[in-house]
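Hello,

Here is the structure for you to look over. My notes follow below it.

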Amino acid sequence: GGDLLRLLHVLEINGARSDAFDSQRLRLNKTQDLYFFDRWVAKYKNRQLYGFDLPTGSIVWDFQNAWAVPEESDLRDTIDTERATTTESIVTVTAGTTLGSNNNFLHTVREFIQMPS
């Protein structure tokens, strides 16, 4: 638990980084969808935020940019997960994608901040 600042996924299909995903979704408590983006919307938002396209296979949730400048936030947009029973980041792989054997991965890095109580 804590405030979710960032969440990064790197999608590998058949052992290589891939953009073969249709959408990304952030959900709390199995029922509450906070955000849902189609791939093209997410890529457009990331281009606007960072000024360039993210590398192939990168899937990002960045809540640390309240003033539209990375790292300049006042925590306004972070997600408080303290009272959530589950926090899920769901990536939907494109239908028809040929998956290999033992070489498909969704690597995840997450950044939280916890306030002392």
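With 5 of its 5 residues buried, S5 is largely enclosed by the rest of the structure.

Some ground rules. This is a predicted model: local features need pLDDT of at least 70, side-chain atom pairs count only at pLDDT 80 or more, and totals for chains, interfaces and linings use all residues. Residues are numbered from 1 along each chain as its sequence is written, and side-chain values use heavy atoms, without hydrogens or water. Helices (H or I, at least four residues) and strands (E, at least two) are DSSP runs, numbered from the N terminus.

Next, the partner of S5. Strand S1 (residues 3–13) pairs with S5 in the antiparallel sense over 5 bridges; pairing requires at least two DSSP bridges. Leu-7 stands opposite Trp-61 in S5.

H1 covers residues 39–50. Ala-42, Asn-46 and Leu-49 are its buried residues. They fall within an arc of 65° seen down the axis, so they line one face of H1; the arc is taken from the directions from the helix axis to the C-beta atoms. They pack against S3 (21–28), S4 (32–38) and S5 (58–62), contact meaning heavy atoms within 4.5 Å. Trp-40 and Gln-48 are exposed on the other side of H1. Just after H1, Gly-51 takes a positive phi of about 85°.

Best wishes

Notes:
The expected span of a helix is 1.5 Å times one less than its number of residues. Buried means under 20% relative accessible area, exposed over 50%, partly exposed in between (1.4 Å probe, protein chains only).
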